[in-house]
Structures are given as structure tokens and as C-alpha cells.
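Q: Please take a close look at the salt bridges in this model, and at the parts of the chain that they join.

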Amino acid sequence: MIIRSFARAFTPPFLLLLLLLLGVTCQENKNQQFINSCGDIHNITLPFQLQGDPSSHTAYNEYFTLSCDENNRTVLNLLSGKYYVQSINYTSFTIRLADVGIQTSDICSSFPLSSLSDFFNGAVPYSIFPIMMSISSSTVVFLSCENPIQSAVYVNRTGYCVTRDESGNGYYSYVMVGEPEVALWDFPDSCRLDKVVCGSSPQLIAARGWNVSWLDLNRELAYGFEASWTASACNHRYSYSDIKKMTNDFRDKLGEGGYGFVYKGKLRSGPFVAIKMLSKPKANGQEFINEVATIGRIHHVNVVQLIGYCAERSKRALVYDFMPNGSLEKYILPSKGELSLSCKQIYEISLGVARGVGYLHQGCDMQILHFDIKPHNILLDENFTPKVSDFGLAKLYPTDDSIVTVTAARGTLGYMAPELFYKNIGGVSYKADIYSFGMLLMEMAGKRRNWNSSVDSSQIFFPSWVYDQFAEGKNIQIAETTEEESEMVKKMMLVGLWCIQMRPSDRPNSMNKVVEMLEGNIQLLHMPPKPFLYSQLAMQPKNGIDISLSNLSGACMDSLTCDISGR
């Protein structure tokens, strides 16, 4: 039944955590405070503003702009719906919202105009800025049924008004309140799901059991539900003129990425920063959104710190802590005269990267899948502490989503997990990042690219060659190393081979497990199955992409992202 399939798409985490379309501006910025009022909502200030205010103080004004309707009530437009703003608490970072269709004066015609289905049917465009909001509410489901239901679980609306469909036929209208797995899965086959909305806290139901009338429930819906915006995601916003001053008119270019240039800058307070200008045609705004929406909420020693951003007309910039030792890439294959890292340093860096990726997966209220783990995206500070960077391809998912939806392959060829291309291997999950980390680990341990067409054909795919050496009982001598360093290298290679297994189920269960393997006794590490080339499996390509990595050009295997993401 279509209705039931639709209902099962609403998993509990999505009902508790919604990606709302709001920009972010720190309210600590006291120099940019604009106070307005509408009806009962007074002193409207950052991050909100009232429509008609000539000042532009948010990155995406339309998503933080409140309007005042003809009845002098404050309204927030969210996706395709409208909500009355019942209150705003700037101390606790909360806003209470009620659907404009809910009326207390005429409960017969009181019916929500918006639905949570808007959040799951493609209504969230890719060109806006998602900021997480926690919703403290119960799930309220409106049903239309052909036959009456004899159950206290369903609140009957039919007794208050005549309900008829477009053909004039009468039907029975009910409302369910409760936990998502109950409210969205267990309703009779003769019923049609009309709306799924947020109610206020379920204390009313808890206090009265199921002895609740439509009058009581309507009053609760009119009170509204509470949402809290993420204050920790705030960074100080800079104007384009600020960016020009910081970079001394963009004189010191540090490098070039897939979406623009990176410049060295200096804050007025003294510290140096790295400023990424998103200026290339590929920079359609989505990578900017992804970066601030993900990295803006993270604070971890092994993840690069976002300091601020610029969003002024077509100008987009991201301001980070400056990493004086650049990216890991140049230390894997150091040019003549460049500093080479010791095996001990490489090993410590691998541990730091593993911890950083593990934090993305399990350390936040949402799991963050990076989808582009590679040497170019690992930055090193003055102490060679690694920092995971570049979240342009990252995606946010609920923490208990083991399998996630990815509409197109994304990442850099040579580091992308095979499940992004091929069916029947397994679903896409955090294990795609584990695969990418494994490819990175092999390159770090061997100090060479995993793919190298200039060497003997038996070594074109480095991990396969490494496996064969281990299987034959041979030691791999990368350089002049001590016995301790040789053991570190071997351990990194063994862990890397486990991480790049073709099937996700064969890889380590988590990045925390990877850290445990790297830190543990090498004697406890068993040989994994031999890693296969993609082209060795006769499988149907996924998303219409047929790629044999054995035929890839060297340019596409390099540090710049090959854009096959379909965005």
C-alpha cells in the first residue's frame, strides 16, 4: 500500500531533528543589532529580522526573515509552509511555532496547512543553508478513514464538523498522537494519511492517557511546538572588504582547489588564517552550504576549525585556522629538497586522522559523512597535528542511519568506495569513509600512490602488491627504518588492507575500531582477504556510471577532485 510505504519513510530521527532552511549569524556581534516588533513578538533581533528592514545582516535573508501579516501576527515561511511565531527566546536559542491553519475560534475548519512530508519529498532545495534545529514535540498524524474506528488511540474530529471529500462524500476524520513508530506505522488499511505535523510536548497525553478530545488537542496544536537553533554553529561573519583587507588584496596564494583559490590572510587580532574563495564555475553554492553546515558545528583537535565566512552577493569565502605545514599530500611524495616525515610521524598522523573521522561519524548529534578523505584534504599544523578539512562533499545524516541515501557518486577517484558505483556490494554508509581512509593509509605507509602506471604491471595497484608480499612471507622495506618503525608500517598496511575490502561488511565496524587496530598489538592483526580491483567484479554499475579504475588517467587520480557527483 502506497500510504504505508510513504509512512515508513518517516523514521523517528527525522521527526526529532529537522534540517531547517535558516542562515546563521552570531548574535554576539553587538554592532549589528536591528530591533523590530510585530504583534506580540517584540525586539526581533539577530539572527532574525523583520521583512522590510533595509539592513542585510544574514547570509540568506529570506530564511531568517519574519513577516507581519494583516492580522498583525508574526509569520515564518519555512519550506512550503507558514508558521505563526508564538515566541522567541534568544537566551535559550528557541522559537515556538504553530501552523497558520490551526484555529481556536473555529475548530471545525482548524486543520494544518503544512506537513512534515515537505521535508521528505524533495522540498529541501540544494541552494539554501541548512542549520540543525532540535524539535521537542510529539508526532501528530491526521487520517481520513472510510469506516469508523473504535479505539481510544484515535482522537475523533468527525463529531465536531461534517467532513466531506471533493466529490461530496462523507468520511471519518481522526488524529493520532504519539511516538513516530506508533503514529506512522499502525493505522487501519481503510485510512488515508493526510498530514504529519509536530505537536507540542506529549505531556497532555501522558496526563490524561488517551482521554483527549479534538478541542483539547487543537488547543495544544495552537500553542505550537518548540525548536532550538544551533548557537554553536555561529561564527563571526565578514564582509568582502574585510576579506580583501585580511588577504592584502589576495597577494599570497596558498593553493588551488576544486572550487577556487586559497589565500593566506591575517586577522586584525593577529593570527594568520587560510581563506578559501569559492570562485570557480563549479562553486554553485552547495559546497559553501555543506562546509558551514557541517564544519561550523565541529570542535575537535583533528578537524580544521572554521573561524568565519563571507556571503555577500556572489562572493563566497570560508575563513579557517592557518595550517603552516600545508597538506599531507606533499609529505607522501616529497619533492627533492622538501622535508620528509619519519615513520613515527606518519604513524601518529594516521592515528589523528582516524580519530578525526571517527568524531565526524559518532561524536556529533548527527553523523557527518565526509566522502572525500584523501591526502590533499588532510592539513598539518605547526606541530604536524593532522586536521581533516574540505567538507564540500559532506552529508549530514541521523546517527542511527546505518544505510544512507546518495543520489550520485561523489568523491575523488582512487579513494571512492566501490558501493558508490556498483550494486549488490552493500548500501552506502559511514564505511565509505573507512574505505577512503584505508586508501589514504596505504599511501601514507608506502609513501607512494596506490595507482602508478609507470611501474611494473604487478605493482600498478599498490595494495594488491603489498598483499602478495605479505602472503609470501616477505617484509616490505620502504626506507632505512628501525625494527619498531618497520612494525608501524606493516601495521598501517594491514589495517589499510582491512579498510579497503570490496564489501562494506568486511571492513572494520567503525573508525573507533580502526584506531583500536592501529594502536593494538600487530600480532592480533590477521591477514584480510585480498583486495580486488573494481574491474574484477562483473557487476552492474550504479547510477549509470561505468568506471574501470585500471584505465584512469593520472590527472584524475591526482589531488583535485574529479567531479562526477552529478551536482
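A: A salt bridge here is a side-chain nitrogen of Lys or Arg within 4 Å of a carboxyl oxygen of Asp or Glu. In this predicted model, Glu419 and Arg507 meet that description through their side chains, with 2.7 Å from N to O. Glu419 sits in the loop between S24 and H10, whereas Arg507 belongs to the loop between helix H12 (483-499) and H13, so that the pair links distant parts of the chain, 88 residues apart. Both Glu419 and Arg507 are buried.

Arg355 and Glu519 form another salt bridge, their closest N and O atoms being 2.5 Å apart. Because Arg355 lies in helix H9 (residues 343-362) and Glu519 in helix H13 (residues 511-519), this pair ties together parts that are 164 residues apart in sequence. Arg355 is partly exposed, at a relative accessible area of 35%, and Glu519 is partly exposed as well, at 46%.

A further salt bridge joins the side chains of Asp390 and Lys276, at 3.7 Å from N to O. Asp390 is found in the loop between strand S23 (386-388) and strand S24 (395-398), and Lys276 in strand S18 (residues 272-278), so the two tie together parts 114 residues apart in sequence. Lys276 counts as buried because its relative accessibility is 14%, while Asp390, with a relative accessible area of 21%, is partly exposed.

Glu329, Glu443 and Arg449, for their part, are linked in a network of salt bridges. In total, the structure holds 12 salt bridges.

Technical notes:
Residues numbered from 1 in each chain as written. Predicted model: local features only at pLDDT ≥ 70, side-chain atom pairs only at ≥ 80, totals over all residues. Heavy atoms only, no water. Helix = DSSP H or I, 4+ residues; strand = E, 2+ residues; numbered from the N terminus. Buried < 20%, exposed > 50% of the residue type's maximum accessible area, 1.4 Å probe, protein only.
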